[in-house]
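Biologist: I would like to learn how to read a structure like the one below, feature by feature. Could you take me through it with care?

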Amino acid sequence: MTDHRTLLLEIYAAGLSAVNGEMAVYQALLAKGKREACHVVAIGKAAEAMFMGASRYLTTQINSALLITKHGHVTIALPPYVQVVEAAHPVPDESSLAAGQILLTYLQTLPENEPVLFLISGGTSSLVEVLDVSWNLPRLQQATQAMLANGAVISDINAMRRALSLIKGGKLWEYLGERPVTCLLMSDVPGDDPAVIGSGLLFPAPHDRFDWQIVASNRQMLEAMAATESADLPVQLMPDFIEGDAEVMAQWCVEQLQVSAPGLYLWGAETTVQLPLNPGRGGRNQHLALAAALCLNPKDDIYLLVAGTDGSDGVTADTGALVDNGTVSRGKSQNLDPWACLRAADAGTFLEASGDLIHTGPTGTNVMDVIIGLKLPCKTSTEQLTPA
């Protein structure tokens, strides 16, 4: 691994740390200055970290807690008073419906009028569900898989989820009565609209005894990465949010870097991929990374880190990839065809062979994706790259 690859991975890690759910929630509660007894409901891929932030601040003031997260995202031993439920993502299954019923039962058994603190992060929409009587699980799974395969954006997917749910789109309020509610959210949607995050369990709100705040976002992560002093190059926090087809945006990013001055370029992203009938191994970030590698010329001293922030990409446990002008040749040397892998939505197989995958495990955050582009000055153009 070269120093340039290490640099990008360190910047990425610094960004993840800056939006970690534990610190984000702790700092938000500290700023509010209230330490009243309450019940805590944490839902999403960052539920564990967000709960730990609440626990760190509230200490003994948590009367009870329910934590619903993705399978495999409970990484530590939680206090015995925390009820833990693991469920499916990105396509809901029976565990998601069970989590929905557990959530309703939990809320209905709380003492009347005692306050509740909700901690919501990305993944909530799939992890917890109570379906309208006109829907059933097979129909929900088919609709979700079709939208994901056709490259639907998250706002459209969550609009569908709100329409068929008995708890989303603010409907969860029917189970909360008049109790005071505080909600801290981690945004995994473009525009940070709280009605889209987790399909809006608590949005719109019916009364004013509701305090809410977004405590972590993609923009905050980009700003934290831009503030790192590890790069001895100009840093540009790019105004464009990268959306749309991953292959189209890969070409666009490479073209932007090819005509730009040497430096470090940071984008937020949430791209989409049109999946074939039987997709291979990969996700939108791995797909974009491989497509970008195919756009790089042999003389381009450009590195591109493309990664999610929650520790996964699609249905894979790899979060993205870090590619350069040697990625394609390294993968080909393992008898793999990059174009065939791209057509089969199998970028992960190629990028594993080229040594470019990034694996973090659950990160304690979820603020969409990031792209870090590094263009080196001409004086380093003869530097010899080595496989990762």
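Biologist: Which residues in H9 meet which residues in H10?

Modeller: In this predicted model, Ala246, Glu247, Met249, Ala250, Gln251, Val254 and Gln258 of H9 are in contact with Arg284, His287, Leu288, Ala291, Ala292 and Cys295 of H10. Sorted by class, the residues of that contact are 8 nonpolar, 3 polar and 2 charged.

Biologist: At what angle do H9 and H10 pack, and how far apart are their axes?

Modeller: Helix H9, which covers residues 246-258, packs against H10 at an angle of about 50°, and the two axes are 8 Å apart. H9 and H10 are therefore oblique to each other, and the crossing in which H9 passes H10 is right-handed.

Biologist: Where does threonine 59 lie, and what is its phi?

Modeller: Threonine 59 is placed in the loop between helix H3 (47-58) and strand E2 (62-70), and although this residue is not a glycine, its phi is positive, at about 45°.

Biologist: Which peptide bonds are cis?

Modeller: One of them is the bond from histidine 89 to proline 90, with omega near 10°, and proline 90 belongs to the loop between strand E3 (82-87) and helix H4 (94-108). Another is the bond from phenylalanine 203 to proline 204, where omega is near 5°; proline 204 sits in the loop between E5 and E6.

Biologist: How is empty space found in a model?

Modeller: Rolling a probe the size of a water molecule over the atoms shows where empty space is left. In this case the largest pocket holds about 1,100 Å³ of space, and among its 49 lining residues, Pro90, Leu148, Arg284, Gly314 and Val315 lie nearest its centre. The elements that give two or more residues to this lining are helix H5 (124-127), helix H6 (137-149), helix H7 (154-164), strand E9 (263-272) and helix H10 (284-295). H7 supplies the largest share, 4 residues. By class, the lining of the largest pocket has 17 nonpolar, 22 polar and 10 charged residues.

Biologist: What is the volume of the second largest pocket, and which residues lie nearest its centre?

Modeller: The second largest pocket has a volume of about 250 Å³, and its lining consists of 16 residues, with Lys34, Glu36, Pro115, Leu117 and Thr182 nearest the centre. Two or more residues of that lining come from each of helix H2 (21-32), strand E4 (116-120), strand E5 (181-186) and strand E6 (210-216). The lining of the second largest pocket divides into 9 nonpolar, 1 polar and 6 charged residues.

Conventions. Residues numbered from 1 in each chain as written. Predicted model: local features only at pLDDT ≥ 70, side-chain atom pairs only at ≥ 80, totals over all residues. Heavy atoms only, no water. 1 Å grid on protein atoms, 1.4 Å probe; cavity = no way out; pocket = protein on both sides within 12 Å on 5 of 7 lines; lining within 4 Å. Points joined across faces, edges and corners; volume = space filled by probe spheres on them. Nonpolar A, V, L, I, M, F, W, Y, C, P; charged D, E, K, R; others polar. Axes fitted to C-alpha atoms, helices over the stretch in contact; angles between N-to-C directions. Parallel < 35°, antiparallel > 145°, perpendicular 65-115°, else oblique. Left-handed = near helix turned anticlockwise from the far one by under 90°. Contact = heavy atoms within 4.5 Å.
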